[in-house]
Amino acid sequence: MAHALNRLSNFFTRRVFARLLSTFICCLVLVVKPLSRYGGPSAFLLLTLKELVFSAQETLAQHFEATILNITAGWTKSKLPRLQLSARISCFVSIWLLTTDPGVSTSFARAATSFVWITLSPAVICLLCNMLFLRWFSTHFARTLANSFSKLHECLVVSMNENLILDENWEPLGVDLQRNHILDELLADSIQLDLAYSIAAFELRLGRISVESIKPLIGVVENIRRELAWGSSRAILSPGEKSHAVMMPAGQLSQAILASMKYVEAALLFAFERSANVPGLETSGNKTAPQILRRLDEARDAARREFATAFQSMNDGARKDENEMADEMNRAVLVADKILSLHSTSRTRLWYPRFSWAWLGVSDENYSNHLEDGGGLSLAEAREGLSELVRWREAKITRLRFVLAACVRAIVHSSHLQHAVKNSIGVMLLSIPAFLPVGSPGQRWFVDAHGQWMIISYVWVLETNTGATWRVAYLRTAGTIVGAVYAYLTWLICRTNPYGLVLMVTLADLPISWLILGQKFPLLALLRQSVTLPPIVFFRFLDANSDTEIIVLAAWRAAMISAGVLAALVMNTLVFPKHCRMLFLRNASHTLGLLGQLYLALSRDLFKRNRVCIPDDGRRVLMLELEIRNSSIRLSRLMIALRDEMSLLPKPMMQYRNTVTSIQAMLDIMIGLRKIREHIPIRETVFGVMRDRREFVSCVCISLYACDHAFRAHQPLPQFLPSVRHARRTLMLHIAPNLHQSQRAHGLSRVYASAEGEVLLYMVDTLENLLNICRTLFGTAEWLTGPADSEVSTLTDPKIHHEWHGTL
């Protein structure tokens, strides 16, 4: 009973009350004749616009912004994601006005005047209702950050118990599964943090602290997540080595890191949730932060001294991780201390969004644009072409040719233009019956069936790829059927009784709100009320002279909406199809190519003898890391659409998921390598084993290129490729004596050298996993089959410098 009451109280939030009140008032406006007559026979569209356009948002600031944008409407649907809804409502109003009695000027003027009332009424009603219930500020970003630190705390406890055995009762059964589960959740939260910050940064908000002040914590969460992802192997210690000299500083450092995580989590909740009592936080005089910082510094320094002495018998990767995490948490505690100071000294103020192209969504480009542009020349090809065509080497003519080629390529391969063409072709074909001569069979059919719903449904269902279109299509078709049945039952019960109509429509908003706010099947709920329900329920009430049977009207509504859905599916399948499977393979190929570029950049920096830091090189590495991260996020989103896409071909979803996981793991490993290599002894680990380093880098690049080519060309891999594992083993064997004989490499530099070897082993495992995925998906070009014979034995001959990784 208590659980049921708790769930019920969680459902009836401020947003739910705002939705219910706005629905109730809109229904009242419709049934009050002096008011509804201003909307004419289409006044029922008031509820449609209320749900589709002016529905309650999470905060009052978001709702105010949406109201302004949607009243002023938009000019694009594909290019600017933030104005997508505004563009759709513009199409909605235009389609309804232009296909109702076309050519009759008096009818058009009367319908346009009615639509002013239909648009402004739900906008004003919803805004006033939301002002009664919604807050001006949102804490979603801060809550997500605090939750991430809580999961980091949980994951670190698991890892440290496994490595240091802090808990005597600890049982390692299922530890790997538990840690991997937490790390998967942390990866999803890390991706969600970027989205939450972009929403919070571009919204009108009331509060004391700007969201930019806690933006650095996103990097802290991501860096610690990476440290935990590739540095969580178990320490192998013999009983005699478990001395207090090693275990005590490691445990103290771990406890200091855990305490700092709790402090940052509590500070975020206190500053943004406006909670008076947050456990573990002392706000008087900000005494907690200096204590935690001092404890972190002392524990880190003590651990470094002990690790530098006893590193040979320790798990060096894990000890290095603790030092890195201590540095990151030092930054996080300083940020938390700053926001607490700002919270105590600042007043509540209005934070304006920073208007820019990014605010309109331009930064989130359609990823298929660049990938499908296969007509561009590389720089080497262009130079070769110029050398062969001497007469075209004139500078002005050359620049003009390149500019024209770029323009033609951008037009031909623009996904936004292709989407606009599909949208316009569908609207044109479906609206042809509306513009036939008055009295013709086609025109009468369009009027009787209210064909506007077919066109509007087409515009609402058409998405940028086939997978998303299929998902929207089957959800909206199901929602249409459910809505039509409910509307007909409402008519049978209430007829034209205004009290019954208001009650039934308002009650219908309860399960609809649960579906929408619960994020289960929002599209089904939206279409059930906003498109199907009002036109049927209020039709006879608003037009008493009509002799159309309600069941016939419900059937026509469902048929027209389904026809629009079918037209969108056909259009997205036949004209400029964007199949999610092909998009996924192209995106995966592009991301693997970026991983290859990133590893080359890291290796190029490693082989520079002067070790001079060039800002442009560092900036290029960081930009590559950011681009790969964004690419992996897009791959995850494509997986969702790919799952819903209807296809005759089987879809190996498990292998696709493993591909995304492996790509993310490779990125984490390469970022870890970049940080570790800043501290390794160069002479012993690089210059002393230059040949082995080159061999390892070549093997990694060849393997990444092979995977890139397999995903791009859908061709099988060669049966044998140079073994990265063998190259890594040879490299480590030659580094070990160099470190042992060196008089320069000591202390933490040797710890980092050992940690690099551990991370390279993770890289080998991940790379071989990628190769196995490619062989599973695209096959192997075999030339040697059957049981091993005398010729095969030469593949593993120790006298041969290479070893091969293959299927035999």
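## Asparagine 330 and its contacts

Once its neighbours within four places in sequence are left aside, asparagine 330 is in contact with Leu293, Leu296, Asp297 and Arg300. In this predicted model, asparagine 330 lies in helix H13, which spans residues 316-345. Because buried means under 20% relative accessible area, asparagine 330, at 16% relative accessibility, counts as buried.

## The packing of H2 against H4

Two packed helices are described by the angle between their axes and the distance between the axes. For helix H2 (residues 14-31) and helix H4 (residues 45-52), the angle is about 160° and the axes are 9 Å apart. That angle makes H2 roughly antiparallel to H4, since angles over 145 degrees count as roughly antiparallel. The crossing in which H2 passes H4 is right-handed.

On the H2 side, the contact is made by Arg19, Ser22, Thr23, Cys26, Cys27, Val29 and Leu30, which meet Leu46, Leu47, Lys50 and Glu51 of H4. The residues of this contact of H2 with H4 divide into six nonpolar, two polar and three charged.

Helix H4 is mostly covered, with eight of its eight residues buried. The buried residues of H4 are Leu45, Leu46, Leu47, Thr48, Leu49, Lys50, Glu51 and Leu52, and among them Leu46, Leu47, Lys50 and Glu51 also meet residues of H2.

## Positive phi in two loops

Histidine 450 has a phi near 50°, a positive value in a residue other than glycine. Histidine 450 sits in the loop between helix H18 (441-449) and helix H19 (452-461), and at 21% relative accessibility it counts as partly exposed.

Arginine 495 likewise has a positive phi, of about 55°, although it is not a glycine. The loop that holds arginine 495 runs between helix H20 (466-494) and helix H21 (498-517), and with a relative accessibility of 43% arginine 495 counts as partly exposed.

## The protein as a whole

The protein contains 31 helices and six strands, and buried residues make up 51% of its 808 residues.

When contacts in the protein between residues at least 6 apart in sequence are considered, 83% of them join residues at least 24 apart.

Technical notes:
Residues are numbered from 1 along each chain as its sequence is written. This is a predicted model: local features need pLDDT of at least 70, side-chain atom pairs count only at pLDDT 80 or more; totals for chains, interfaces and linings use all residues. Side-chain values use heavy atoms; hydrogens and water are left out. Axes are lines fitted to C-alpha atoms, for helices over the stretch in contact, and angles run from 0 to 180 degrees between N-to-C directions. Helices (H or I, at least four residues) and strands (E, at least two) are DSSP runs, numbered from the N terminus. Angles under 35 degrees count as roughly parallel, over 145 as roughly antiparallel, 65 to 115 as roughly perpendicular and the rest as oblique. A crossing is left-handed if the near helix is turned anticlockwise from the far one by less than a right angle, and right-handed if clockwise. Contact means heavy atoms within 4.5 Å. Ala, Val, Leu, Ile, Met, Phe, Trp, Tyr, Cys and Pro count as nonpolar, Asp, Glu, Lys and Arg as charged, and the others, Gly among them, as polar. Buried means under 20% relative accessible area, exposed over 50%, partly exposed in between (1.4 Å probe, protein chains only).
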